[in-house]
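Me: Could you walk me through this chain and show me how to read its packing? I would like the general idea each time, then the case at hand.

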Amino acid sequence: MLNHKKLCRLYHGERLMVRKRGSRKRALGTWAPMALPQVPNQSIMSDALACGRKFRVLALVDDFGRECPAPVVDNSLSGIHIARELDRVVPVRGTPCMIVSDNGTELTSCAMRAWQQEHGIEWHYIAAGKPMQNAFIESFNGRLRDECLNEHLFANLAEARRIIEAWRIDCNTKQPHTSLDGLTSTEFVARPSQGHNHNGLSL
């Protein structure tokens, strides 16, 4: 009878070994608590928000003014797709010092690692299971779902993009924030005292 001790002896005698499965490469970034931005465009926060089975929404939020420069709406979102959207937003908004996100596979992909290294932008990952470390995007996504996604039945992707974009504009320009001295995101960022460069290239 072959007991476990004899099996181990034979196993080691033949110099057999079980290959360890390598861990998936993750994008380079930090996992430390995030500092609150003090100037516009210091951080753009992102988080994947699943909406049913038909499409997904990724919100990008400038943490300084709680302003959403763009929602990305598509049937699926890959790291390549997100990198392409960031390339579209950055020339308009200016290069952020930091991007904050969760550890979703799209945001830790090789494509995002390559994009981050190419642009020299610091990337901050929140700790697993700690969504409050990304509190501003959590709040924004909650409002997006309550005020927009739950209020509409979208016939197709084009309609979803149109309605979500209209909500984004309304959120940025017409909804005041108590944390922003009662101003809307657009009004707060545009205040002369902020010294905000409207071409988005100065941080």
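Me: Which residues does F55 touch, not counting residues up to four places away in sequence?

Reply: A contact here means heavy atoms within 4.5 Å. By that test, F55 touches V73, D74, N75, F154, L157, A160 and I164, leaving out residues up to four places away in sequence. Keep in mind that this is a predicted model, in which local features need pLDDT of at least 70 and side-chain atom pairs count only at pLDDT 80 or more, while totals for chains, interfaces and linings use all residues. Residues are numbered from 1 along each chain as its sequence is written, and side-chain values use heavy atoms, with hydrogens and water left out.

Me: How many residues does the largest nonpolar core have?

Reply: A nonpolar core is a set of buried Ala, Val, Leu, Ile, Met, Phe, Trp, Tyr and Cys residues joined through side-chain atoms within 4.5 Å. Buried means under 20% relative accessible area, exposed over 50%, and partly exposed in between (1.4 Å probe, protein chains only). The largest such core here has 18 residues, and F55, V73, F140, L144 and I164 have the most contacts inside it. At least two of its residues come from each of strand 2 (55-62), strand 3 (67-74), helix 4 (135-147) and helix 5 (157-174). Helix 5 gives the most, with six residues. Another core, of 17 residues, lies apart from it and includes L58, L77, V89 and I99.

Me: How many helices and strands are there in the chain?

Reply: Both are DSSP runs numbered from the N terminus: helices are H or I with at least four residues, strands are E with at least two. The chain has six helices and five strands, in the pattern α-β-β-β-α-β-α-β-α-α-α along the sequence.

Me: What do the buried residues of helix 2 pack against?

Reply: They pack against strand 2, strand 3, strand 4 (98-101) and helix 3 (110-119). Among the buried residues of helix 2 are I82, L86 and V89, along with H81, E85 and R93. Just after helix 2, G94 takes a positive phi of about 100°.

Me: How many disulfides does the structure hold?

Reply: A disulfide is a covalent bond between the sulfur atoms of two cysteines. The test is a pair of cysteine sulfur atoms within 2.5 Å, and the structure holds zero. C171 is in no disulfide, and the nearest cysteine sulfur, that of C68, is 7.4 Å away. C171 counts as buried, at 1% relative accessibility, and C148 is buried at 0%.
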